[in-house]
Amino acid sequence: MGEQERLVANMGRKSVLILQNHGLLVAGASTARAFFTYYALHRACEIQCTAQSMPGHHIPISEAVAVGGLQGAQAADPEGALHWKIFAGAVRRAGIRRVG
């Protein structure tokens, strides 16, 4: 079995796969949705690493807080238009212009 087949098999029906020592692999219904998922998860990983590098006791968030944050984000963008806006902004910031 080749590497691509192994990755697909490991990913299954999920949209994200965290590769040990290699980063994130993300799939989505659109490029914009995959980019948004990657960006949000990458930032979450950075925040977690920063928090874990600080001395002292770490207090995990409760399930209720996690669910509430997700529901709040979904309620703020019920049509999913935010994915495209963030992706378009990132493309503009990178200096990529549409040709054609």
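Modeller: Gladly! From the N terminus on, the elements run α-β-β-α-α-α. Please keep in mind that this is a predicted model.

Colleague: How many helices and strands does the chain have?

Modeller: The chain has four helices and two strands.

Colleague: What does the radius of gyration say about the chain?

Modeller: The idea is to set the value beside that of a compact globule. For 100 residues, such a globule would have a radius of gyration near 13 Å, whereas this chain has 17 Å. Along the principal axes, the C-alpha atoms fill a box of roughly 55 × 40 × 25 Å. As for contacts between residues at least 6 apart in sequence, 30% of them join residues at least 24 apart.

Colleague: Let's turn to the strands. How do β1 and β2 run, and how many bridges join them?

Modeller: β1 and β2 run antiparallel, and four bridges join them. To follow the pairing, go from partner to partner. Leucine 17 has leucine 25 in β2 as its bridge partner, while isoleucine 18 has leucine 24 of β2. As a general idea for looking at side chains here, those in a regular strand alternate between the two faces of the sheet.

Colleague: And the turn of the hairpin: which residue there takes a positive phi?

Modeller: Start with the general idea: most residues other than glycine have a negative phi. In this hairpin, with three residues between the strands, asparagine 21 has a positive phi near 65°. Asparagine 21 sits in the loop between β1 (16–19) and β2 (23–26).

Colleague: Is asparagine 21 buried or exposed?

Modeller: Asparagine 21 counts as exposed because its relative accessible area is 72%, and the cut-off for exposed is over 50%.

Colleague: Now the helices. What describes the way two of them pack?

Modeller: In general, two packed helices are described by the angle between their axes and the distance between the axes. Here, α2 (residues 31–52) and α4 pack at an angle of about 80°, and their axes are 8 Å apart. The two helices are therefore roughly perpendicular to each other, as angles from 65 to 115 degrees count that way.

Colleague: Which residues make that contact?

Modeller: From α2 come Thr31, Ala32, Arg33, Phe35 and Phe36, and from α4 come His83, Trp84, Ile86, Phe87 and Ala90. By type, the residues of this contact divide into seven nonpolar, two polar and one charged.

Colleague: Could we look at one residue on each side? Where does histidine 83 lie, and what does it touch?

Modeller: Histidine 83 belongs to helix α4 (residues 81–93). Setting aside residues up to four places away in sequence, histidine 83 touches Ala32, Arg33, Phe36 and Asp77. With a relative accessible area of 12%, histidine 83 is buried, because the cut-off for buried is under 20%.

Colleague: Which residues is tyrosine 38 in contact with?

Modeller: Tyrosine 38 is also worth a look, and it is found in helix α2. Beyond its neighbours within four places in sequence, tyrosine 38 is in contact with Leu24 and Val26. Tyrosine 38 counts as partly exposed, at 34% relative accessibility.

How values were computed
Residues are numbered from 1 along each chain as its sequence is written. This is a predicted model: local features need pLDDT of at least 70, side-chain atom pairs count only at pLDDT 80 or more; totals for chains, interfaces and linings use all residues. Side-chain values use heavy atoms; hydrogens and water are left out. Buried means under 20% relative accessible area, exposed over 50%, partly exposed in between (1.4 Å probe, protein chains only). Contact means heavy atoms within 4.5 Å. Axes are lines fitted to C-alpha atoms, for helices over the stretch in contact, and angles run from 0 to 180 degrees between N-to-C directions. Angles under 35 degrees count as roughly parallel, over 145 as roughly antiparallel, 65 to 115 as roughly perpendicular and the rest as oblique. Ala, Val, Leu, Ile, Met, Phe, Trp, Tyr, Cys and Pro count as nonpolar, Asp, Glu, Lys and Arg as charged, and the others, Gly among them, as polar. Two strands pair if DSSP finds at least two bridges between them. The radius of gyration is taken over C-alpha atoms; the globule rule is 2.2 Å times the number of residues to the power 0.38.
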